[in-house]
Amino acid sequence: MARPRTIHIASWDDRFLAWLVDVLLVGAVLSGLGEVAGVFSLVTGSLSVTTPFAGLNGLALFAYWTVLEGRQGQSAGKMVMDIAVRDERGDPIDYGTAAVESFGKAFLLPLDCLIGWLAYEEEGLRLFNRLSSTIVVEVDEDDTAKPDDVEYVYPSEK
């Protein structure tokens, strides 16, 4: 009989810090794009004080998390904190699952967390983790180890 897989659920502290890194990163990119749009407005003589990027933070974060977590299970913040989004068995998720999981934290974070803390306190889930059947786990060293059936050949130093 195979030994059951052990999965370590990520702490709320690690999850918060990963979220903060992601929000600051995406915010910096959007701010930079907003500055470019502001300079463009001044050069063209537009009187608009707002940028076309105002209000797009949620959409940008949703796209960012969906793409990165759907592709590799980790956003930049999760990579920094050594955590990842997985399905309930600990396996990688797909883009559709990542979209459902990301929707709550991009658009409804306070409600998403509050309901999760009240209803799923023992499990460490947000509401949209439950809806997408995902968990946030500590990255196991086995996830980053080289596969046994692959040999890497590195370029030689000259």
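This is a predicted model: local features need pLDDT of at least 70, side-chain atom pairs count only at pLDDT 80 or more; totals for chains, interfaces and linings use all residues.
The chain is built from seven helices and two strands, and their order along the sequence is α-α-α-β-α-α-α-β-α.

**The chain as a whole**

- Buried residues make up 31% of the 158 residues in the chain.
- If you take contacts between residues at least 6 apart in sequence, 69% of them join residues at least 24 apart.

**Where α2 meets α4**

- Helix α2 covers residues 57-72, and helix α4 covers residues 95-107.
- The axes of these two helices come within 8 Å, crossing at roughly 145 degrees.
- The crossing of α2 past α4 is right-handed.
- On the α2 side, the residues making this contact include Gly 58, Leu 59, Leu 61, Phe 62, Trp 65 and Glu 69.
- On the α4 side, Tyr 95, Ala 98, Ala 99, Glu 101, Phe 103, Lys 105, Ala 106 and Phe 107 are among the residues taking part.

**Gly 58 up close**

- Which residues does Gly 58 touch, once its neighbours within four places in sequence are left aside? They are Ala 106 and Phe 107, and both of these belong to the α4 side of the helix contact.
- Gly 58 and Val 23 are 35 residues apart in sequence, and their C-alpha atoms are 9.7 Å apart in space.

**Aromatic rings**

- Counting rings whose centres lie within 6.5 Å as a pair, the model has seven aromatic pairs.
- Take Phe 103 and Phe 107: their ring centres are 5.0 Å apart and their planes are at 50 degrees, so this pair is tilted. The reasoning is that stacked needs planes under 30 degrees apart and edge-to-face needs over 60, with the rest counted as tilted.
- Both Phe 103 and Phe 107 sit in helix α4, four residues apart, which is about one turn of the helix.
- Phe 103 is partly exposed, at 35% relative accessibility, and Phe 107 is partly exposed too, with a relative accessible area of 37%.
- Phe 103 and Phe 107 also belong to an aromatic cluster with Phe 62 and Phe 128. Phe 62, Phe 103 and Phe 107 turn up in the α2–α4 contact as well.

**Charges over rings**

- What sits over the ring of Trp 65? The charged end of Lys 105 does, 4.7 Å from the ring centre. Trp 65 of α2 and Lys 105 of α4 are both on the list of residues that make the helix contact.
- Arg 15 does something along those lines with Trp 12: the charged end of Arg 15 sits over the Trp 12 ring, 4.4 Å from its centre.

**Asn 129, a buried polar side chain**

- Asn 129 is part of helix α6, residues 127-132.
- Is Asn 129 buried or exposed? Asn 129 is buried, because its relative accessible area is 1% and the cut-off for buried is under 20%.
- The Asn 129 side chain reaches the backbone nitrogen of Arg 126 at 3.0 Å.
- With neighbours within four places in sequence set aside, Asn 129 is in contact with Arg 15, Glu 101, Thr 134 and Val 136. Arg 15 is the residue whose charged end sits over Trp 12, and Glu 101 is one of the α4 residues in the α2–α4 contact.

**Loops worth a look**

- Pro 92 is in the loop between β1 (83-87) and α4. With a relative accessible area of 61%, Pro 92 is exposed.
- Leaving out neighbours within four places in sequence, Pro 92 is in contact with Arg 86 and Asp 87.
- Pro 92 and Glu 69 are 23 residues apart in sequence, with 8.9 Å between their C-alpha atoms.
- Asp 82 is in the loop between α3 (76-81) and β1. Its phi is near 55 degrees, a positive value in a residue other than glycine. Asp 82 is partly exposed, with a relative accessible area of 48%.
- Ser 133 is in the loop between α6 and β2 (134-138). Ser 133 isn't a glycine, yet it has a positive phi of about 55 degrees. Its relative accessible area of 33% makes Ser 133 partly exposed.

Technical notes
Residues are numbered from 1 along each chain as its sequence is written. Side-chain values use heavy atoms; hydrogens and water are left out. Rings of Phe, Tyr and Trp (its six-membered ring) pair if their centres lie within 6.5 Å; planes under 30 degrees apart count as stacked, over 60 as edge-to-face and the rest as tilted. Buried means under 20% relative accessible area, exposed over 50%, partly exposed in between (1.4 Å probe, protein chains only). A charge sits over a ring if NZ of Lys or CZ of Arg is within 6 Å of the ring centre and within 35 degrees of the ring normal. A polar contact is a pair of N or O atoms within 3.5 Å; within protein, one must be able to donate a hydrogen and the other to accept it, and residues adjacent in sequence count only if both atoms are side-chain atoms. Contact means heavy atoms within 4.5 Å. Axes are lines fitted to C-alpha atoms, for helices over the stretch in contact, and angles run from 0 to 180 degrees between N-to-C directions. A crossing is left-handed if the near helix is turned anticlockwise from the far one by less than a right angle, and right-handed if clockwise.
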